[in-house]
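Subject: The two-chain model, handed over

Hi,

Here is the structure I promised you.

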Amino acid sequence: MKQLQLALITLLAALNFYACADDEPSLPPSQPTTTGADGAFVLNQGNMYDGIAGTLDFLDFSTDAYTSGLFLQANGVQLGDTPQAGVVYGSRLYVAMYGSNLVWCIDAASGRIVRQIAMPSPEGICAADGYVYVSCNDGYLARIDTLSLEADAKRLEVGPNPAGVCSANGSVYVAISDGYNYANDYANGFRVVRVNTSDFSKQAEIIVGMNPNIVQADAQGNIFAVCQGNYGMGTTEVKPEVWKITPDNSASTFVPATSIAVRENTLYTIYNYTNYTTNESTLNYRAYSCETGAVLKENLLSLNDLPAAPISIFVNPDDGHIYVTGDRSVYDYNSPGYVYRYAPDGSLVKRYDAGSHPFAVVFK
Amino acid sequence: MAVVCLCSPSALAQQPTDSLSLQLSEARVAASRRPAGISSSVPARRIDSTAFRRMAITTTADALRRMNGVNVRDYGGAGGLKTVSVRGLGAAHTTVTYDGLAVSNARQGQTDIGRFHLDNLSSITLTVAGSDRLLTPVRNIASATVELQSVGTAPLRKGTHLAAALSQGSFGMVNPTFRLTQSAGSRTQVSIGGDFFHARNDYPFTLKNGTQTTQERRANSNMQVWSTEANLLHRFTHSQLTAKASYYSNHRRLPGQVVLYTENNNEHLEEEEAAAQTMWKYSRNAWQAFAAGKFQWQTSRYADIHPQYPGGASRQHYTQREWYATGGASWGTNGWNAAYAADYAFQNINSNMPGSHAARHSLLQALSLRYEAGPLKATARLTGSLYFNKTKDGITAARDAHRLTPEASVVWKALKDNHGTTLHTRIYYKESFRVPTFTEAYYYHLGSQDLRPELTRQLGAGLTLSAAPSSTWWPSLRLTADGYYNRIDDKITSIPYNLYVWRTINMGRVRGGGLELSADSRWRAHDKHHIFLTLAYTLQCATDRTDPASGSYGKQPAYMPRHAGSTAVAYENPWVNLSISCTASGQRYSTHEHLPDTRLPAYAELGFALYRSFTLGKLRLDLRADLINALNTQYEIVRRYPMPGRAYKLTLRANL
């Protein structure tokens, strides 16, 4: 039973989270200064159930050198369990470690630990206006002052099982998944909470679809929230779909996807959906217009070089290269996985050997 | 059994391995005082309470891991789940019986043997690939069977007898027990017993993190157990009736995995079990028969208290019930014996989880035929199994299952000389299958109703040499060697379909072979000075043959060491007896893929025991002191669940 509980917990942990939006070049200077010109960090989630710790890798764009296990190399200790998301802000990388209940503040140049910040089950992470914002699975949004590296004593209650976060429009957007309440159809989720960064207060609750877990912003300040639905396991099937929230807080369904990335005004998507009841699977990679939702590209990636078992998609804001993380094979989620790098035209540039269950790419 | 024949002929006389001839007639038992299992058609090993001391065995799990072919999954400490799998077949293929009838857990399909305290057991027998008994409940004829015999079923003794014991050990362990046995007339005996066990289990362990090593302590791990049972024995002229009622409760906290940088586990598990069983056995001339019934009720209340859950906690409550009836008869003539037995069981479960009112009827029948002539013993058996599943609340019921599974064995006494040297050779084949557990079939987000049963095929051959090299100084020697080849098909495995959804499917295929060697010897140095030696070595080679694209293909499955072994030496003398044991295992991986991160290094654990008995008039006192894991070896059996380091245990037992 214990193992099954762990399996369920792992699976539920996996249900959540994602790296926050990597920032758009057009965002104001108070936003993270990520450019994607130098390199990319890769967060390998490991597998808590099977006792595989998370790892941090780095891909140096100038030399194309891929360093596995950067954190262990730089610090002599392990990263910890289930890294969920990361953000580069200033000269530092912040990583939300769900299983180890902490946020690492790491020197982005050397990979060395700057500070270990205790945090209850952190999930999503993003940065704005001198703070790093962290959603905690116990229902709160926390923020860390990037000068003192102390977490605010006050955390803002946002709703059950907050997942991904992103910053735009002077606000932080938090996806409220209610992910542990699957038995009640995620009834207390269905929303994105918008928080003012100026006074760390709730500005609005925006109704979206079932079980939102990823939020990303485009160049116009539109927010895209991936609502994962119920995996075909509720009384009626609710499929995954992306909702679009405009800066004036109106929301509507947009396109189908399970993982997204935004660059300028293009939405890059993976739609990887299995109906649990019928075991029918659909998998595609597409690009959409953020403005209209029109399909810009039906086959985003070269059909000859598709990932074996995709997890998440990311786009480098600097050069538009597309990164897809994936497991070794569909049935092999423990072995070291891959990061696939595609040119903007969809051709495979290179496949990098990552760690176990590579989950997020954070551009530096 | 090897241990028994070498170490305690008297215990053997009290506890013949053939339960059907159990104490039917003292004369008969005395006459059959040959070493148990020596001519067994399948590998069998028995360790009794005398051997527990001689092998410095301290827990039921410890006893089992000394046996060939056994992998005990141990989550560490007294409160950690302990399950037994044999020859790589998986714990769900191991049947655990308690006083003759199977202990059921339809939800998980495996039994936590940690709940059976060694001090309450008179013997543990492991039988692989069926049963040497012709007539036995069909469930007891499994891929592997662990038979636990309780002290409560002692043979009939006249008068009133009281036994009390107190154990105390490291990490806050205290365990008082008592048992009162009363005879009524020359044919009836009743006994009642009780057991309390408390432990904090807050043992220290070494945590390695990269280049750092820190000393930590297990936390949130205390447990408290109450158990009580009553037994009745009545002898008729040609038959015997036994009955038992028991209650068990265990409240524990679960320490969870060791996770770097955090320690806030807040899981609680409360389990209760009540059971009643009765068995009637008959033996007259060529006929033997038995009938038995059992009712078992179990609840499990699990809570993970954390604000991330709706209502502040994840709570899983289960109640299982089982009604079980079994019976059979055998008849023999001119070397031929035929037996038929049938089991019927109804199991149901309900819980607070979505879609979890499930029930199962099972009907198992076995027809067995044996021919014995001179040195030959040949046995054939056909088992027919029928399983019918039912559910409520509109949930699809799991697939029904039915199958005929054959087994056959031949034993040949290849050698017998006038000095008592015998050599038995055996060859056997057995098929068996298991149906999905309720968890595998119905658990939310994980279960599947389409699962087929998991099928195992075992082929094996072995030999047992028994000798008394010298009647003066080397009275007994037993050597066994067994080789086997196993196949598992349609193995039931949980895998993620994508990030979000895990499914339980039939996709595993495992092929494996192994070699098991054991030696038991006794030397007499002087009249009252004896030396006992036990050795066991197991080689297991198995490979996953499921999916050539996967990282686990062709590799040894998780948690299966290639090499494992144990040894124990005891020196018994008039002053104080001493035993030393060593249990060792080669490296293993905690995942089917062999990753540097999931490698569990080899380990060896050393234990010492000092024991002595005193007699003061009618009072017999047994004193025992154990030093467990004397070298403070730091190791894990299950990854991230460290095992305790050095510990002590003191036991005082009084019998009146």
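Let's start with Cys227(A), which counts as buried, at 2% relative accessibility. How far is its sulfur from the closest cysteine sulfur? That partner sits in Cys166(A), 13 Å away, so the two are too far apart for a bond. Keep in mind that this is a predicted model, and everything below was computed from it.

The cysteine story goes on from there. Over all chains, the count of disulfides is 0. Cys105(A) is another cysteine in no disulfide: its nearest cysteine sulfur belongs to Cys126(A) and is 15 Å away. Like Cys227(A), which is buried, Cys105(A) is buried too, at 0% relative accessibility.

Next, the place where the chains meet. How many residues does each chain bring to the contact? Chain A gives 59 residues and chain B gives 61 residues. The size of an interface is often given as the accessible area lost when the parts come together. Here the area buried between chain A and chain B is about 5200 Å², and carbon and sulfur atoms give 58% of that.

Which elements of chain A give two or more residues to the side that touches chain B? They are α1 (2-15), β6 (102-107) and β21 (266-274). The largest share comes from α1(A), with 10 residues. Sorted by type, the residues on this side of chain A are 30 nonpolar, 24 polar and 5 charged.

What is the phi of His357(A)? It is near 50 degrees, which is a positive value in a residue other than glycine. You'll find His357(A) in the loop between β27 (348-356) and β28 (358-363) of chain A, and it is buried, with a relative accessible area of 10%. Over in chain B, Ala56(B) also has a positive phi, near 55 degrees, and again the residue is not glycine. Ala56(B) belongs to the loop between α4 (49-54) and α5 (60-65). Is Ala56(B) buried or exposed? It is buried, with a relative accessible area of 5%.

Thr379(B) is part of strand β20 (residues 376-391) and is buried, with a relative accessible area of 8%. Its side chain makes a polar contact of 2.8 Å with the side chain of Arg370(B). Leaving aside neighbours within four places in sequence, the residues in contact with Thr379(B) include Leu134(B), Leu369(B), Glu407(B) and Ser409(B).

Pro255(B) lies in a loop, the one between β14 (239-254) and β15 (267-284) of chain B. What does Pro255(B) touch, not counting residues up to four places away in sequence? The list is Arg218(B), Ala219(B), Asn220(B), Ser221(B) and Asn265(B). As for Ala92(B), it is 163 residues from Pro255(B) in sequence and 24 Å from it in space, C-alpha to C-alpha.

Conventions. Residues numbered from 1 in each chain as written. Chains lettered and ligands numbered in written order. Predicted model: local features only at pLDDT ≥ 70, side-chain atom pairs only at ≥ 80, totals over all residues. Heavy atoms only, no water. Helix = DSSP H or I, 4+ residues; strand = E, 2+ residues; numbered from the N terminus. Buried < 20%, exposed > 50% of the residue type's maximum accessible area, 1.4 Å probe, protein only. Disulfide = S-S within 2.5 Å. Contact = heavy atoms within 4.5 Å. Buried area = accessible area lost by both parts, 1.4 Å probe. Nonpolar A, V, L, I, M, F, W, Y, C, P; charged D, E, K, R; others polar. Polar contact = N/O pair within 3.5 Å; in protein donor to acceptor, adjacent residues only side chain to side chain.
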